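Me: I am new to reading structures, and I would like a close look at one part of this one, taken slowly. Please pick a single chain and tell me how it is built.

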Amino acid sequence: MALLEIKNMRVEFPGRHGTFTAVEDVSLDVNEGEIVGLVGESGAGKSTIGNAILKLLQAPGRLAAGEVWLKGERIDQLSDHEMLNVRGKRISMIFQDPMTSLNPIETIEYQLVETILTHLDISEAEATRRAIDLLDQVGIPNPAERIKQYPHQFSGGMRQRVVIALALSVEPELIIADEPTTALDVTIQAQILDLIKELCRSRNLGVILVTHDMGVIAETADRVAVMLRGKLIELGPTQQVINAPQELYTQSLIAAVPPSNKKIDRFPKVATEDSEGSALQNFDLSGHWLVRGDTYSTGGKSLLEVKGLKKRFQVTNAILARNRTYIDAINDISFDVQAGETFGLVGESGSGKSTVARVITGIYPATGGTMRFAEHDLTSAESRAEKQKVRRDIQMIFQDPYSSLNGRMRIGSIVAEPIVVNKLAGSTEERKEVVADLLELVGLGKDAARKYPHEFSGGQRQRISIARALATRPRFLICDEPTSALDVSIQAQILNLLKDLQDQLKLTLLFISHDLPVIRQMCDRVGVMRHGDLVEVAETEMLFETPQHSYTQALIGEMPKFAK
Amino acid sequence: MRTNLMVSVTVALLASTSFAAANTLHWARAGDSLTLDPHAQNEGPTHALAQQIYEPLVLRDMTGAYEGALATDWGPSPDDPNVWIFNLREGVTFHDGADFTSEDVVFSITRAQSEDSDMKELLNSIVEVRADGDYTVEFVTDGPNPILPANLTNLFMMDRGWAEANDSVDVQDIEGGEVTFASLNTNGTGPYILVSREPDVRTVLTLNEDYWGIDMFPLDVTEIIYTPIQNAATRVAALLSGEVDFIQDVPVQDLDRVASTDGLEVITAPQNRVIFFGMNQGAADLEADDVDGANPLADLRVRQAMNLAINRDAIQQIVMRDQSEPAGMIAPPFVNGWTAELDAAVSTDIAAANALMEEAGYGDGFSIRLDCPNDRYINDEAICQAAVGMMAQIGIDVNLAARPKAQHFPLITNDETDFYMLGWGVPTYDSEYIFNFLVHTRTENRGSWNGTGYTNEDIDAMIVSLSSETDLDVRNATIASIWEEVQAETLYLPVHHQVLNWGMADHVETIVDPEDQPRFKYFVLN
Amino acid sequence: MIYSILKRAVQSVFVLLLVGLVAFSMFRFVGDPVDNLLGQERTEADIERVRQELGLNDPFVVQYWDFLSNAARGDMGVSFRQGRPAMEVILERVPATLELALVSATFAMTLGILLGIYTAIHRKSWISNAILAISLIGVSLPTFLIGIFLIYIFAVELGWLPSFGRGDVVDFGWWSTGLLTWTGLKSLILPAFTLGLYQLTLIMRLVRSEMSEVLKQDYIRFARARGLSERAINFRHAVKNTLIPVVTVAGLQIGSIIAFAIITETVFQWPGIGLLFINSIQFVDIPIMASYLMLISVMFVVINFAVDLLYLAIDPRLRDGKGA
Amino acid sequence: MDRIKRALDSDLFYSYKSSPLALVSSIVAAILIFSAVFAPLVAPHNPFDPGSLNLMNGFSEPMVPNAFTGDTFMLGTDDQGRDVFSTILYGMRISLFVGFAAVVFAMTIGIVLGLTAAYAGGRIDSFIMRIADVQLTFPSILVAMLVFGIAKGITPVHLRDQVAIWVLIISIGLSDWVQFARVVRGAALVEKSKEYVEAAILIGRGPAGIVFRHILPNVLSPVLVIATISLALAIISEATLSFLGVGAPPTSPSLGTLIRVGQGFLFSGEWWILFFPAMTLLLLALSVNLLGDWLRDALNPKLDD
């Protein structure tokens, strides 16, 4: 008998625009000691299933139909009060973001002991002992001291361990892990996944691993269930689903995952909702406004040259200069970018890669070092106008499509703004025309101009920011994690688009990402950053095949292998 | 000075809804006394409190008639018209036990004449005060002064020894921000002794067992607890809820409510105060009007028209709820020089008024600002508002500016207003007092409250003559003729005589003092 | 840590200086003290003499400088009205106001927090909506009107509570309290309620919105997923996190309560500094007015300061400099 | 056209339709404001024209013919013989004018300073916020007296009374700008850190352009909420100030002045002089408050469950 059985689950969210069915007729079972991966893109309803099992659906969501059996006992009809003995005690949950999953103003001890005493009838001393050794089991060094600390004193990975400890505190039979590693760096991710695997085996736990990351699935899950718009469309052993997907959607999904082991030219087309794809094919750019931008003779030299760049931020202030504390976000790094190439910067969060982007673009002033762009010295004190002219040639695409567009402006004006500000268009007509072309170019169609950002999906928004960036006719495009917030299929389209644009417009790209497979697909050369240092620069393939620096080796070793 | 633990628990409980000792009187009015130094302020509430503790030589009883206090009898010296002789009451002691003798009188008068005294203007006719034995005092004046006693009714006697011992010989210099022993402590001969005092909060007095008049007056009230309550509504509420037994200024609209409440009564009497409007006729052109190069108020016809426009009966009936006596002259009835004929209120005649305006060439009217206090006289602001409506009837567009007295009065004394409300009380009960301040041309020491800019040398001369004229008939004749001129000029627009109303628990029995100064020794409790 | 405290201190001084300027300059304009000091019978000569004595004829700057240098020595001059050192007069009244302020603050805080929590937990229930709607009446009527109504009902019509004053006070040194006598307590009820009503509404609404935010947090969902009871979640986890931001606002409220006491004290003839202030305005008693303002701002600054420290104390995230 | 469609379709309008309180209060507020604005058409008398008043009409009870003049008034008359109904309408006009003007005044200062503080940061920021602290030390009453004092000091005697209303507006506004500044600053700091601002910098927008074209539009919704609440607050403050005697002149009374006058007749039986203005004030402030309340919840996405 399966540990958990879900029979024809249906979850509905009644709203003003009719009832939205988040999960439709899903049947699934999980056995003891088995990890079932629940994969799908955002909005597929994978997390909803987890919440529905524990009856933690956000109002007004409700379990409209279906049954949930735990060890042959039906739990979907239990009262809220009875559920208290299921939650945490028999089924636990791990949330995505360890930073927000813990009560910031209580000690770890308090939160653990509280949970334990809620479910087990034991003395506080015992509970504390138990808590300490839980922390030990999830791999937190000298737990006896650290248990006294507050969440903010733990690093992200350590926090997720604490979260897991909390989830395990009363030996549940099933754990629902909802994107447990999405917020973590690749090295940590691997450790956490191993921990989960290990616990699952040693304690014979059932685990439902909810994630959007095929790599994670491939690494961790025994069986995988693929979801699309609330429906479970394919279910089977992980290897089989990955290597021989039955459903078209699954195939496209897998096709869209950047392979970690080889470089491919373009991602295959994927059939999903907003797959406008790029309109570049039927678009003749010769003599178009877009290519009429000012050109530079780099005279064989690199287009961008960064020497000994430094950036330090003040953390805490103090009366005496020596008491002030700083962090060096960038620590004396040097590299250069050749015209027309794609230079990658890879590193974990806090490695300073995004800071580099902002220093080059001049959003942050550099603390030291020099930057040369074509024949211009970016660090010298040129006239504002002069700087402006150069800056215009360096544009950027940002990470978060939701905060990178001004929600109060129509798409038309967003894309037109650079042209207006820099007076790049001769007439209003020309401007309108250019905007329309740009929107076509990024594959949105000119009608988008009249709409507002909130009417678009994340992928479309990234296309809009690309259009905006192109509107200054830049030579150099910095992509700061342009796809990390997107679903894999969308990511594929955006990456394709970037490649197309680069070819058509002879753009030079600085591509920043934490995602090694993506880096491998996009870049000609890669620089590896860590704690503000540039530890290694190499041709992409060489870097992946024969990493020199130990850290690079660790990174590449830890990255989720996904290959068919 | 603060109540200590013992006292505060032993004194009757202010806020207790049940009455404490039946002979304790809870007394409330809008304002508090400014200082305990009897010569430092010449102001109603201050005197009202002092009256309980200190005593003058002579005072007026509740009916306004002279009555010996610390003097038993007095009169002009038979052989020198410039001398008044006062015979003092014997066997009077101060609260600290010291005897009251002529030297105390000499001391007190001299003190009251000193630089910082606020009473000195009342005494400027006195050149010397000399003791003739322990119980006789002679006042020497710069000329015959027929009404000297009238200037002494608020002039309180202090103990020389006490003052010297506590270096309070000099009057407290309030403006200089001085604090003296006498401004915080008292030692009078009066019927009540100060127990404790927190300015603006609570003052407790208790009966003086050794009072000379202990057998002459009712003295039913053995303890007085005095609490100033500014907010009229709160004050009335306190009376209605029985927390106080006696309040001095009942808003006229609340009289019926108080009177009709069981256990409460209201008594009223004409007050020694007349309310009127002043007009700046002196200026060549007015600041706050819309007439350029001319001063409409300088035209007698305009002033007469305004006088005719005021509907005094309506003000009496609606604004004052009959708590006023329409006035025809700016002297209260008690005052020497007042006559019923002069005081007959002009009856409203809009037609005639408009005719006069026409004549004066202001047929289309003009606009002007009326300055008005809003915290000084009974319903002052409401009266002014009513006036605005009445002036509108004859085409005068009045823009009303009501201000706290602190901001209103400077306008008058600094000639910053063209049309203003003023009220006047006459402590001396003699017209001379009015003339000195309101009619005489503004000079160093006369006419300080004459904001009309009116000046007339003959009248000034007549006014000055009053202070030294011994022949009362002649003097009264002069007074009459000055009044004639004032009325003819329509110097002021009289509105009404205020009526005082005291609200009290009906076990309290008293009559209203025209100067609004309750003297609790007369009060009967039953 | 030390830095931020020092920074605060410097800023506080700056605040006080500014208030000092305002406090002083403000009342150089309101009315003319002379006219209140001299009675009916006064001559032009008197006026001149008095102006000289008061230094009212000196240039503004001179007067301000005198004022500051004296204020630094705690000497705010002598009350024109009472002829006693202004500071002495004010300090004598401080207990009354502080007592009133503290009582009404406690009232507003406790009730406000409780109702806030209730309405946050039961967002949709009609009771919460009723509470919210009714509470708005408290802020939709001017305080003085509420006060007068209360007097009318409870003092005049029902005769249950005193309509004015402080009842009997017991003195401990310079401090006097009405909390130890029956009449004192009874006298507190109406003014404290009147004064606290507004703050009550504010705090309740603040708590409500803050707590609704907190209840949306992941750690609450996680706590629920761990099987903690709603009680535990609401009162152990949510409330604590809610109260941290509330502390700041509440602290500031106490400051404004003291200031708003002006109205309440006028209506109830409460012998505190507010009433004193209004009186002193009537009599253009500049030293009192100035020292009142200084006192208020000192209190305000102190409260601000205390709140900052309290904040550091209760929020572990700030304790070790992080994000401070 | 499609704007209107979008508006009707918006979540805001939806939550409006589905909130009875919001509906009722907005209707009440609308009626009150309308009748105030068109007072001259609605009111039977013009209480501001002293010539038309007959003092003898004073204290007429509602619906009872006056003893002297025989005139009848729906809500009675006040101590000056003014028709209470008309005075309320005209008074509300002044109150609303003062309220709106004060809010606009406060809002302008608050937004400008708030944005400056947020965008400039550093010394300027802390300076502005300290000023705000000082401001908080002075509740509207004190500010009013300060402003009155200064106004009195600098305006010639014959102008002092025309400025009364403006002094009211300024003093209420001055005591109110702080919360605008704080909210705007807070919101602006959030917006400032968003990537679209960085994007704007990159395409070469100057500070002014960024602040007004980009940040400002995004911080307006909290401002709207505050504005509504402070409108109610301003109307109340005006009343309070009038109670303390620094309000609108008695010849052209605001609601506050009416209440101040009326509270004198609480004990004497002429209840209508206080009751009707007080009720109007309550209705006005309450409905505006309820609206603001609803707006706060409706505009706060984090709260809609």
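Reply: What follows looks closely at chain A and then sets its surroundings beside it. Please keep in mind throughout that this is a predicted model, and that each value below is computed from it. Chain A contains 19 helices and 20 strands, and its radius of gyration is 26 Å, close to the 24 Å that the globule rule gives for 564 residues, so chain A is as compact as a globular protein of that length. If you draw a box along the principal axes, the C-alpha atoms of chain A fill roughly 75 × 60 × 45 Å. Within chain A, 49% of the 564 residues count as buried, and among its contacts with a separation of 6 or more, 70% are between residues 24 or more positions apart.

Of the 305 residues in chain D, 54% count as buried, and of the contacts in chain D between residues at least 6 apart in sequence, 69% join residues at least 24 apart.

Turning to how the chains meet, five pairs of chains are in contact, and the pair sharing the most contacts is chains B and C. Chain A and chain B, on the other hand, are joined by no contact, and their closest C-alpha atoms lie 45 Å apart. Where chain D meets chain B, the contact takes 24 residues from chain D and 31 residues from chain B; the side of chain D that touches chain B has eleven nonpolar, ten polar and three charged residues.

Terms used. Residues are numbered from 1 along each chain as its sequence is written. Chains are lettered from A and ligands numbered from 1 in the order in which they are written. This is a predicted model: local features need pLDDT of at least 70, side-chain atom pairs count only at pLDDT 80 or more; totals for chains, interfaces and linings use all residues. Two residues are in contact if their C-beta atoms, placed from the backbone, lie within 7 Å. Ala, Val, Leu, Ile, Met, Phe, Trp, Tyr, Cys and Pro count as nonpolar, Asp, Glu, Lys and Arg as charged, and the others, Gly among them, as polar. Helices (H or I, at least four residues) and strands (E, at least two) are DSSP runs, numbered from the N terminus. The radius of gyration is taken over C-alpha atoms; the globule rule is 2.2 Å times the number of residues to the power 0.38. A residue is buried if 20 or more other C-beta atoms lie within 10 Å of its own, exposed if 12 or fewer, and partly exposed in between; C-beta atoms are placed from the backbone.
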